[in-house]
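User: Please go through the charged side-chain pairs of this structure with me, one question at a time. I would like the cut-offs stated along the way.

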Amino acid sequence: MTDSTQNTVEGAPAPSNDPPPTPPQRPDDEDCCGQGCVPCIFDFYDEAMGKYREELAAWKARHPEASAS
């Protein structure tokens, strides 16, 4: 029996169940209090963007046809 949720190599989801990652929402400038918080809300955003870029690169490696444009 075939299961559509079967995993491919290294535990990656099957391509039909593998949507591209979504980027984090950038905070508005007004969301920062401007008092030099450590970490600042923009530090969290920068970390989330780094993770998104890594996830997107991995997704593109699994879906080379999406990167061919």
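The questions below move from the chain as a whole to its salt bridges.

Analyst: This is a predicted model, in which local features need pLDDT of at least 70 and side-chain atom pairs count only at pLDDT 80 or more, while totals for chains, interfaces and linings use all residues. Residues are numbered from 1 along each chain as its sequence is written, and side-chain values use heavy atoms, with hydrogens and water left out.

User: How many helices and how many strands does the secondary structure of the chain come to?

Analyst: Helices (H or I, at least four residues) and strands (E, at least two) are taken as DSSP runs, numbered from the N terminus. By that assignment, the secondary structure of the chain comes to two helices and zero strands.

User: What percentage of the 69 residues in the chain is buried?

Analyst: A residue is called buried under 20% relative accessible area, exposed over 50%, and partly exposed in between, using a 1.4 Å probe and protein chains only. With these classes, the buried share of the 69 residues in the chain is 19%.

User: How many salt bridges does a search of the whole structure find?

Analyst: Side chains of opposite charge can pair when their charged atoms come close. The criterion for a salt bridge is a side-chain nitrogen of Lys or Arg within 4 Å of a carboxyl oxygen of Asp or Glu. Applied to the whole structure, the search gives a count of three.

User: Which residue forms a salt bridge with Asp18?

Analyst: Asp18 counts as buried, at 8% relative accessibility, and the closest N and O atoms of its salt bridge are 2.7 Å apart. The pair links distant parts of the chain, 44 residues apart, with Asp18 in the segment before helix H1 (41-62) and its partner in helix H1. That partner, partly exposed with a relative accessible area of 34%, is Arg62.

User: How far apart are the closest N and O atoms in the salt bridge of Asp29 with Arg26?

Analyst: Asp29 is exposed, with a relative accessible area of 53%, whereas Arg26 is partly exposed at 44%. The separation of the closest N and O atoms in this salt bridge is 3.3 Å.

User: Where do Glu55 and Lys51 both lie?

Analyst: The side chains of Glu55 and Lys51 meet in a salt bridge with an N to O distance of 3.9 Å. Glu55 counts as partly exposed at 36% relative accessibility, and Lys51 is exposed, with a relative accessible area of 51%. The two residues are four apart, about one turn of the helix, and both lie in helix H1.
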